[in-house]
Amino acid sequence: MRPTTLLAAALLLPAVLTHAAPTETTITEVAPGVFFRKAQTEPVFTGCNQGFVVFRDFVLVIDANFPGQAENVIASIRERTDKPIRFVFDTHYHGDHADGNQQYVKIGATIVAHERSQPLFETKGADGFEGAKKNRASEYGALSYEVPSLYFSHKLVFDDGAQRVELLFLGHAHTAGDAVAWLPKHGILFTGDACVNGAFNYTGDSDTASWIAALGAMEDLGVKKLCPGHGEMGGADVIARQKRWFLELREAVKAGIARGDGLDEIKKSIDIPFYREWTGLEAKTRTENIEHVFKEMSHPGKPVGQRRPHRHPHPTNG
Ligand SMILES: [Zn+2]
């Protein structure tokens with residue numbers, strides 16, 4: 001989700017790169033009435049990917065995005081249907097997924113999220129919004145911070161016979177309160193940043209051991225089409241790549257610690273060829289990810305982010 005190294009990424013693309021960062025925003029009808037909006041991240045990071053699902057009587061939007069992008073998305077929905085936008089599901093509290101909430105509340109929508117994200121919305125999310133109001137004054141303008149008003153604890157199902165969307169909590173992943181949107185009739189999964197396709201991982205709120213388990217739970221769903229929080233749409237292979245990154249990163253950091261290396265030595269020496277093949281970037285450029293995992297591995301059993309959930313609602317293989 002971090003835009004900082006994405007411009008550099010464009011200069012480093014090897015010929016084998018299979019998942020280049022998106023250079024344009026597109027909307028694809030993945031199944032009848034189910035839309036995936038892929039957001040441009042190069043050369044300018046515009047925001048998160050989104051989904052919207054047209055039910056018989058209303059529209060459910062997956063992720064609010066930034067305020068400016070939210071306006072564009074609402075216009076795109078209006079080009080396709082005049083049904084009211086009644087619900088917006090925030091996959092997590094980060095500003096590029098949730099700061100546009102008020103744009104939807106203004107037109108009558110209810111914002112939905114997992115209950116473990118509630119304390120994050122009310123602290124870090126609110127702080128981030130206030131910061132963005134100063135830095136992006138023209139976009140945020142007179143908007144005020146809007147938190148979800150409907151929280152679920154395990155699973156929330158929207159089903160009108162035509163469409164079925166299950167909001168699922170699979171454990172602490174990218175943040176303590178991530179949830180995903182699963183469309184079992186079509187095998188489509190919208191993941192937010194719990195799974196991204198490319199060099200977009202931010203780990204500051206994560207628990208990578210639990211995240212790997214959550215990715216295992218996603219694999220168990222039998223995904224046919226994977227709509228990630230950032231990057232190109234793919235299949236179940238995207239989940240496998242995302243999981244492999246954290247497995248290999250944790251192994252590499254663990255091996256470094258076992259050798260007696262400190263963080264600086266590990267950051268210099270780390271080499272994970274698979275990551276370059278996946279994203280076009282060297283693993284050693286992901287300093288935020290390396291630092292976070294180093295902290296986790298230096299204090300095993302003590303999650304760096306929020307505490308883990310008591311249990312996973314779905315079987316995991318992680
Ligand atoms: Zn995020």
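This is a predicted model: local features need pLDDT of at least 70, side-chain atom pairs count only at pLDDT 80 or more; totals for chains, interfaces and linings use all residues.
I'll start with the helices. H7 covers residues 208-220 and H8 covers residues 236-259. Their axes come within 10 Å and cross at roughly 160 degrees. Angles over 145 degrees count as roughly antiparallel, and H7 and H8 are therefore roughly antiparallel to each other. The crossing of H7 past H8 is left-handed.

Now the residues in that contact. On the H7 side they are Thr208, Trp211, Ile212, Leu215, Gly216, Met218 and Glu219. On the H8 side they are Ala236, Ile239, Gln242, Lys243, Phe246, Leu247 and Arg250. By type, the contact of H7 with H8 has eight nonpolar residues, three polar and three charged.

Next, the loops. Where is the cis peptide bond? Between Glu42 and Pro43, with omega at about -10 degrees. Pro43 sits in the loop that runs between strand S2, residues 34-38, and strand S3, residues 50-54.

The loop between strand S4, residues 59-62, and helix H2, residues 67-80, holds Asp63. Asn65 is also in the loop between S4 and H2. Asp63 is not a glycine, but its phi is positive, near 75 degrees. Asn65 is not a glycine either, and its phi is positive at about 70 degrees.

Note on methods:
Residues are numbered from 1 along each chain as its sequence is written. Axes are lines fitted to C-alpha atoms, for helices over the stretch in contact, and angles run from 0 to 180 degrees between N-to-C directions. Helices (H or I, at least four residues) and strands (E, at least two) are DSSP runs, numbered from the N terminus. Angles under 35 degrees count as roughly parallel, over 145 as roughly antiparallel, 65 to 115 as roughly perpendicular and the rest as oblique. A crossing is left-handed if the near helix is turned anticlockwise from the far one by less than a right angle, and right-handed if clockwise. Two residues are in contact if their C-beta atoms, placed from the backbone, lie within 7 Å. Ala, Val, Leu, Ile, Met, Phe, Trp, Tyr, Cys and Pro count as nonpolar, Asp, Glu, Lys and Arg as charged, and the others, Gly among them, as polar.
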